[in-house]
Amino acid sequence: MRIFLIVLAIQLARLIKSINPFRISEGILKKKPSHFVSGCASFNFLFSFAAFLLLLIILQSSCYVSGYNTLNKNPTSQREKKYAAHLTLEEKYSVYLDATWTTKDAAALLKVFETMPFGLNLQFSRWHISDDDLENGIKIESKDKLKLVTISRNIFPVEASEEVLSPDKHLYYAVVQFVTENGTNRSVIELILQTRYGISVHASLTGVAPNRTPERYSAFENDDLMLIISVFEEFPPALHKIPQLKYIVRRIDTEERGMSYARPGRGSIVLAESILMRHGPYNLNDTRKIITHEKAHFLWAYVFNDQLKLDWAKLGGWFRDSSESGWSTTKERSAFVTAYAYTENPNEDMAESIGYYFVYPDQLRSCCPEKYEFIHNRIMLLYSKLHTPSNLM
Ligand SMILES: [Zn+2]
């Protein structure tokens, strides 16, 4: 492009020179007066200077054009990045941002949209950022065929915040609200569970209870599944998907009320229906803690290596014996976050502690600071730096 413009400039200069009136008179006049010759020479100098300036202008504009052309190929400047994020959101997701969005906000939103499942059929939407606190950080209104979305300023990831494990989890959950139409689009909810966490929620597929009839299980409410998404999202991305954890089912718990359990050998978590009922005895945080606890059993079974388990058992003063659980501890009850963690074994101690780490971190920190540090440094921080689960710990 630039070479073409240079050639064009030279041709243009020649053209101007060829129509130069002095050149014509040069041919007519046989003898030129000396003052005319010197005048012509100075004209030639001026002319060359003007052509040089013209060339500079053209080259300058060609640089600009070539910079502009690279907009979508290799964005480098802030302005180009702004265009890249805004345009991609418009083109790929029909998301239009108003003037409240900075370059950084747009890039953060785009990053989250890019983690959504493929093939979502999204309506046109116009997005506004507000300083107000909104439930789940987002408010979605419909107007004709347009969706008006307001999003809270305070759910954007903050640089250098203490939230290092999954800094954009709140923004992620807000976008999940949007793409699932406030948690009502069941097929999109199940698609997210499947693609992001590798989870199916259909009891009939699990084979978890060959001796029981499927009637002992009930279908999840959409709200239950949205809750599972928000709980799983708390874990570092490398721990979102544990290949051996394939199913989560909801059991009707007329017996063993409130009992939820993990079955690592069968790839499933069974959640008691009563822990999911919002008017029941379990508050939302307790339910979150139970879901986290059950998932932690899969980490113990498939992700943690022997050294990590050994070090954890040592920290809890655990030793094998002939008691019912096969384990006892030399430590006091006060060194455990719950009575259950204290009476069972290192695996339950870990599951309880991870549940508290996410849901009631202050309680874990105050009873068992060393356990808090162990989980934070040797598990969560490590996995926040990895992309896929491994046995490298
Ligand atoms: Zn357990």
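This is a predicted model: local features need pLDDT of at least 70, side-chain atom pairs count only at pLDDT 80 or more; totals for chains, interfaces and linings use all residues.
Two residues are in contact if their C-beta atoms, placed from the backbone, lie within 7 Å.

The secondary structure of the protein chain comprises 16 helices and 10 strands. Of its 393 residues, 28% are buried.

**Helix H16**

Helix H16, spanning residues 369-384, has a kink of about 35° centred on His376. Its buried residues are Lys371, Tyr372, Ile375, Ile379 and Tyr383. The cover over these buried residues of H16 includes helix H12 (306-315), helix H14 (346-359) and helix H15 (361-367). An α-helix has 3.6 residues a turn, so residues three or four places apart point the same way.

**Helix H6**

Helix H6 (residues 169-179) is largely enclosed by the rest of the structure, because 8 of its 11 residues are buried. These are His170, Leu171, Tyr172, Ala174, Val175, Val176, Gln177 and Phe178. Both helices and strands contribute to the cover of the buried residues in H6, including helix H5 (103-113), strand E3 (138-143), strand E4 (146-152), helix H7 (186-197) and helix H9 (222-232). After H6 comes Glu181, which has a positive phi, near 55°.

The packing geometry of two pairs is set out here.

| Pair | Angle between axes | Axis separation |
|---|---|---|
| H5 and H6 | about 65° | 10 Å |
| H11 and H14 | roughly 135° | within 8 Å |

The angle of the second pair makes H11 oblique to H14. H11 passes H14 in a right-handed crossing, and the crossing of H5 with H6 is right-handed as well.

On the H5 side of the H5 and H6 pair, the residues in contact are Ala108, Val112 and Phe113, which meet Leu171, Tyr172 and Val175 in H6. By class, this contact consists of 6 nonpolar residues, with no polar and no charged ones.

Helix H11 (residues 284-302) brings Asn285, Arg288, Lys289, Thr292, His293, Ala296, His297 and Trp300 to its contact with H14. The partners in H14 are Asn347, Met350, Ala351, Glu352, Ile354, Gly355, Tyr356, Phe358 and Val359. By class, the contact of H11 with H14 contains 8 nonpolar, 6 polar and 3 charged residues. H14 is also among the helices that cover the buried residues of H16.

Notes: Residues are numbered from 1 along each chain as its sequence is written. A residue is buried if 20 or more other C-beta atoms lie within 10 Å of its own, exposed if 12 or fewer, and partly exposed in between; C-beta atoms are placed from the backbone. Helices (H or I, at least four residues) and strands (E, at least two) are DSSP runs, numbered from the N terminus. Axes are lines fitted to C-alpha atoms, for helices over the stretch in contact, and angles run from 0 to 180 degrees between N-to-C directions. A crossing is left-handed if the near helix is turned anticlockwise from the far one by less than a right angle, and right-handed if clockwise. Ala, Val, Leu, Ile, Met, Phe, Trp, Tyr, Cys and Pro count as nonpolar, Asp, Glu, Lys and Arg as charged, and the others, Gly among them, as polar. The bend at a residue is the angle between axes fitted to the seven residues ending there and the seven starting there. Angles under 35 degrees count as roughly parallel, over 145 as roughly antiparallel, 65 to 115 as roughly perpendicular and the rest as oblique.
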